Amino acid sequence: MKVTDVLVHCLENEGVEYVFGIVGKESLDLTDSLSKSKQIKFINVRHEQGAAFMADVYGRLSKKVGVCLATLGPGATNLLTGIASAQLDHSPVVALIGQAGVDRHHNESHQYLDIVKIVEPTTKWSTQIKEAVSVPVVIRKAFRIAQMEKPGSVAITLPENFSPQMIQNSPIPVTPLPESIPFLESIKSAITSIQKHRKPFIIIGNGVIRQDAISELQMFINTLQTPVSHSFMAKGVLDKENPLNFFTLGFNENDMVVQGINEADLLIVIGFDFVEKLPKDWNANKLPILHIDSLPAEINEYYPVDCELVGNIQKTLQLLNQFEIPAKSWVPSGNLKEEIKKTYQIFNKSDKPSTDTLTIENILYIIERHTLDNTIVISDVGSHKVSIARTYQPKMPNRCIISNGLASMGIALPGSIGAKLACPSDPVICITGDGGVLMNFAEIETAKRLGLSFIIIVLNDSMLKLEVQQMDKMFGKSYGVTFQNPDFIQLAESFGIKGRRARNLIEFETILKEELLSLKGIVLIDIVM
């Protein structure tokens, strides 16, 4: 078989369902080989950045590796933002990139760039196929690295001169990823640490969701009876009505959870990625840390480790739950949880917004009120991302997708495609600003061509609101952050999807309820802020 036929067999061996990408001259052989696969569907997108974002969100939700494809030069560099996003948000992604033949690598040559060097800082591993027979080894290694904790992105370039060569190699069998658990002595040390401290505070990160440790974590929390906060990407690990849930940690301003942390005498940090928020922002007092994660703690002066439990988080918590853990039953002074709910506008089931104004908090209240438990909300990046992180309470973990590592504008719309393909039976709502939505608006054509159904909410205020707020605070004025928008209804209809407009909260609630009931095709709701 030719090299690219073997490569596709290797992808099938890894369980790949979709490859997102754009075809180019240097990837023609690979595309031809994909056309013969009965397992893999190639999804031709409208921009390589969109392909990488689709692979990113698909990887997060499916727990499989998302795969994207591009050709050399601008195709490769267009992938870069999405690859970097997957790397910093720890989503498993493999990027396949066509490259010029090796005979052109030593000269200045049309569209030739050293892709391996370009993408190396944005990946866990970046490599080039150097001999045809190495393809099965490289593919197996790439998928293994992408999935191992902490997951991330891998990039493989394939020079076009290798693609049509004939080889006899077969895929390498997939073996389970190795798992470790802490030594018993470490578990006992952790129990001793918990016993000797009166006010532990639990901080949860995305690693808990990645390693399916939700039920074990909830058992640990219920036993310890101590306050809990979570990162942006770990939303949904506790019900919002749980009295121990002190909501989200990690804001640049007005991070009220830190008030509770400052009263603690031990921080139990579970599966937390520093990329979400550095410890100096939430542990200025340098409180001792009980570190529970798949990897050893990073060295940081604001992260003084008292004890480390390194290994699979699910199995580690199972071991901890076998021991007698004393209930601490403490809460931060004052009425901190209610103050957080009031400030962040986290409504109870019986609450209602005080006005019909179209604020993002009121919009989130309506969404939370009318959506099913399995609804996936994908946030783009902007001031609304901060509000979603503060206010919106998903009913299940991994049902609020936020780009928080790289914080990439433009991720939400293509990410919704990845989400629907990973979870076809789950409703998807994309919330985006008018800045982010136009970055990858063309992917609506991709979604429509695939026959997908989801809701796009566009917050239309003709500005980059977060930057306006920041500049007003710093300089008393803003500059270079406003623009004019197209008519989003007409734009939506030109792509063959339904467009609707809400001018007040009552209109938005009516539209959302109607569209959630039918949920056929793609609907864009233009919200005039």
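Me: Contact means heavy atoms within 4.5 Å. On that basis, which residues in H3 meet residues in H4?

Reply: Please note that this is a predicted model. From H3, the residues involved are Glu48, Gln49, Ala52, Phe53 and Asp56. They meet Gly75, Asn78, Leu79, Thr81, Gly82, Ile83, Ser85 and Ala86 of H4.

Me: How is the arrangement of two packed helices described?

Reply: Two packed helices are described by the angle between their axes and by the distance between those axes. Here, the axes of H3 and helix H4 (residues 74–88) come within 7 Å and cross at roughly 25°. Angles under 35 degrees count as roughly parallel, and H3 and H4 are therefore roughly parallel to each other.

Me: What is the handedness of the crossing of H3 and H4?

Reply: The crossing of H3 and H4 is right-handed.

Me: Let us turn to charged side chains. What counts as a salt bridge, and how many does the structure hold?

Reply: The criterion is a side-chain nitrogen of Lys or Arg within 4 Å of a carboxyl oxygen of Asp or Glu. The structure holds 30 salt bridges. In one of them, the side chains of Asp56 and Arg60 meet, with an N to O distance of 3.0 Å.

Me: How are Asp56 and Arg60 placed along helix H3?

Reply: Asp56 and Arg60 lie four residues apart in helix H3 (residues 48–62), so about one helical turn separates them. Asp56 also belongs to the H3 residues that meet H4.

Me: Are Asp56 and Arg60 buried or exposed?

Reply: A residue is buried when its relative accessible area is under 20%. Asp56 is buried, at 0%, and Arg60 counts as buried, at 9%.

Me: Are the partners Glu26 and Lys25 buried or exposed?

Reply: The side chains of Glu26 and Lys25 meet in a salt bridge at 3.8 Å, N to O. Glu26 is buried, with a relative accessible area of 8%, whereas Lys25 is exposed, at 55%.

Me: Which parts of the chain does the pair of Glu179 and Lys315 link?

Reply: Glu179 forms a salt bridge with Lys315, and their closest N and O atoms are 2.9 Å apart. This pair links distant parts of the chain, 136 residues apart: Glu179 is in the loop between strand S6 (153–159) and helix H7 (184–196), and Lys315 is in helix H11 (residues 313–321). Lys315 counts as partly exposed, at 30% relative accessibility.

Me: Which residues are linked in a network of salt bridges?

Reply: Lys2, Asp5, Asp29, Asp32 and Lys36 are linked in such a network.

Conventions
Residues are numbered from 1 along each chain as its sequence is written. This is a predicted model: local features need pLDDT of at least 70, side-chain atom pairs count only at pLDDT 80 or more; totals for chains, interfaces and linings use all residues. Side-chain values use heavy atoms; hydrogens and water are left out. Buried means under 20% relative accessible area, exposed over 50%, partly exposed in between (1.4 Å probe, protein chains only). Helices (H or I, at least four residues) and strands (E, at least two) are DSSP runs, numbered from the N terminus. Axes are lines fitted to C-alpha atoms, for helices over the stretch in contact, and angles run from 0 to 180 degrees between N-to-C directions. Angles under 35 degrees count as roughly parallel, over 145 as roughly antiparallel, 65 to 115 as roughly perpendicular and the rest as oblique. A crossing is left-handed if the near helix is turned anticlockwise from the far one by less than a right angle, and right-handed if clockwise.
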